[in-house]
Amino acid sequence: EMLATSLTSRAAPPDNPAATKPAGEPAPPSETRAETPARPSGKMAGVMAIVVAIMVVGAFIRSDSLTFPMAPGSEIPGTGSHGLEAVVGKPRESAAGGFDDLKGKVTKMSTADGLDYMFFLPKNWTPEKKHPVLVFLHGRGESGGFDVTLRQSLPLQLNTNATAQDAFPFITIMPSCPWSCAMANEWQDATLQATTELVNDVVSKYNGDYTRVTLAGQSMGGNGAWEYAAMQKGVFSSLVVVCGYTLNMLYSTSQLGKQLKDIPIWVFHAHNDVVIPVDASSSVVRAFKEDQSRTAELRYTEYPVGPGPPMPEFRHLEGHGSYELAFRDGQLFKWMEAQKCSECSGPSSQSWDGTIRDM
C-alpha cells in the first residue's frame with residue numbers, strides 16, 4: 001500500500017492512532033502481541049533500525065526451504081515491464097499437459113471479461129496431483145496496473161527471487177483492481193466476484209485443489225480480504241491479512257467475526273505502522289478471540305518494528321512494509337498449505353452474501 005491516505009474516502013483515520021481504540025477496551029492478552037515501548041527517537045531509533053535488520057536477516061537464514069531471502073532489484077531483464085511476460089490468448093500447453101511455459105514465473109493474463117491478473121504456476125506443477133491455490137489482493141497504491149505491485153511483497157518475490165520461483169507450492173492468482181478501486185478505497189464487489197469466477201476457472205484448468213484455496217491481502221487488500229472472505233462462502237480454506245483494517249462504520253467487529261468464525265485466520269501487523277495503526281488488527285483479533293462461537297484457529301503476529309516499503313520513494317512509511325516479513329516466512333506458507341475446507345467443492349458449494357457491506 002503506497003498511499004498514506006489508505007483509510008480515507010471510506011474511513012478517514014483519526015489524527016491520533018490511539019483514538020481508534022474503544023474506550024475501556026481491555027488490555028490485549030499477552031499471547032497475541034509482543035510488549036513494545038512507545039516509538040523511539042534519536043539514538044534509540046538507530047538501535048531499533050538495527051533490530052529490524054537483525055529480525056529480517058534472522059528470518060531469511062532459517063532452515064525452512066520456503067523462506068525467501070531478499071530479492072535483488074525489482075527491475076530485471078526480460079520481456080515487458082519488470083521482466084513480466086504478457087500472454088495474449090490461450091497459454092501454450094505441452095503434449096503432456098504440463099503448461100511448461102508458465103512454470104516458475106509470473107505471467108500477465110486477462111479474462112474474457114477484462115479482469116487483468118498475474119499468474120504463477122509452481123515449478124513442480126504436474127497434472128497428476130492437485131495443488132493448493134493462493135489468491136493475493138494488493139493495496140490501494142497498486143490499483144490500475146502491475147508496476148507498483150511487482151516492486152514489493154509476494155509479487156516481487158515470485159517475479160525475481162529464484163528461491164521463491166523454485167519452491168513456492170501455490171498456484172497463485174494476483175488480480176489487479178482497477179483504478180476505480182483506489183478512488184473508492186475498496187476492492188469493489190464486481191472485481192471480487194470476477195475473481196471468484198477466475199478461481200473456479202484456474203482450479204479446473206490447472207488441477208487446483210478446491211479444498212485448499214487461501215485468500216491473502218495487504219493494506220487495502222487486507223480490508224478487501226476481510227470482507228471478501230465474509231461475503232464469498234464456500235471458497236476459502238484460510239485467510240491471511242497483513243497490515244489490514246476493517247470498517248466499523250459499516251459493520252461491527254462481532255458481525256464480521258460471525259461471518260468468519262469457521263475460517264482459519266492469520267493476521268500480521270507491525271507495531272510502528274504509520275499508515276494503518278496496529279490497533280486496526282490487534283483490536284479485531286482480541287474481539288474474535290473473545291467470541292465463544294468461533295470454531296477455527298486464529299493466529300496473530302505483531303512485529304515490534306517493521307520496515308517501510310522497499311521502494312526508496314516510500315521507505316518513509318515506517319512499519320507499513322510488514323508484508324516484506326510475512327510473505328517471506330516459510331511457517332506461514334506451511335500453515336496455509338495445511339488448511340482444508342471440507343465443504344469447499346467448487347461452484348455448487350459457493351454462494352455470495354454481500355450483507356456485510358450493506359449493513
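**A buried histidine, its strand and the surrounding cores**

At 0% relative accessibility, His-269 counts as buried (under 20% relative accessible area; exposed is over 50%, partly exposed in between, with a 1.4 Å probe and protein chains only). His-269 is placed in strand 9. A polar contact of 2.7 Å joins its side chain to that of Ser-281. Such a contact is a pair of N or O atoms within 3.5 Å; within protein, one must be able to donate a hydrogen and the other to accept it, and residues adjacent in sequence count only if both atoms are side-chain atoms. Leaving out residues up to four places away in sequence, His-269 also touches Cys-243, Gly-244, Ile-276, Tyr-300 and Tyr-303, among others. Contact here means heavy atoms within 4.5 Å.

The model is predicted: local features need pLDDT of at least 70, side-chain atom pairs count only at pLDDT 80 or more, and totals for chains, interfaces and linings use all residues. Residues are numbered from 1 along each chain as its sequence is written, and side-chain values use heavy atoms, with hydrogens and water left out. The pLDDT is the predictor's confidence in each residue, from 0 to 100. Its mean over the protein is 76, and 70% of the residues reach 70 or more. Residues 1-66 have pLDDT below 50, and this stretch has 121 contacts in the model beyond near neighbours in sequence. Residues 70-97 also stay under 50, with 61 contacts beyond four places in sequence. Where pLDDT is low, the predicted coordinates should not be read in detail.

The protein has 11 helices and 11 strands. These are DSSP runs, numbered from the N terminus: helices are H or I of at least four residues, strands E of at least two. Of the 359 residues, 55% are buried. Residues 24 or more positions apart account for 76% of the contacts with a separation of 6 or more.

Strand 6 (residues 208-218) has 9 of its 11 residues buried, so it is largely enclosed by the rest of the structure. Strand 4 (residues 131-137) runs parallel to strand 6, joined by 6 bridges. Leu-137 has Gly-217 as its bridge partner in strand 6. Strand 8 (residues 238-242) also pairs with strand 6 in the parallel sense, over 5 bridges. There, Leu-215 is partnered by Leu-239. Pairing requires at least two DSSP bridges between the strands.

Helix 10 (residues 330-338) buries Gly-330, Leu-332, Phe-333, Trp-335 and Met-336. The cover over these residues includes strand 4, strand 6, strand 8, strand 9, strand 10 and helix 9. At the start of helix 10, a side-chain oxygen of Asp-329 comes to within 2.9 Å of the backbone nitrogen of Gln-331. Beyond the helix, Glu-343 sits in the loop between helix 10 and strand 11. Glu-343 is exposed, with a relative accessible area of 59%. Its side chain makes a polar contact of 3.0 Å with that of Ser-342. Glu-343 and Val-235 are 108 residues apart in sequence, but 8.7 Å apart C-alpha to C-alpha.

The structure holds 13 aromatic pairs. Rings of Phe, Tyr and Trp (its six-membered ring) pair if their centres lie within 6.5 Å; planes under 30 degrees apart count as stacked, over 60 as edge-to-face and the rest as tilted. Trp-266 and Trp-335 pair edge-to-face, at 5.6 Å centre to centre and 80° between the planes. Trp-266 lies in strand 9 and Trp-335 in helix 10, so the pair ties together parts 69 residues apart in sequence. Both Trp-266 and Trp-335 are buried. Phe-268 and Tyr-303 are stacked, at 6.3 Å and 25°. This pair links strand 9 to strand 10, across 35 residues. Phe-268 is buried at 0% relative accessibility, and Tyr-303 is buried at 11%. Ring pairs also link Phe-99, Phe-119, Trp-125 and Tyr-206 into a cluster.

The largest nonpolar core has 56 residues; those with the most contacts inside it are Phe-119, Tyr-206, Leu-215, Trp-226, Leu-239 and Leu-260. Helix 6 (residues 220-231) gives the largest share of this core, 7 residues. Apart from it lies another core of 27 residues, among them Met-174, Val-240, Tyr-303 and Phe-327. A nonpolar core is a set of buried Ala, Val, Leu, Ile, Met, Phe, Trp, Tyr and Cys residues joined through side-chain atoms within 4.5 Å.
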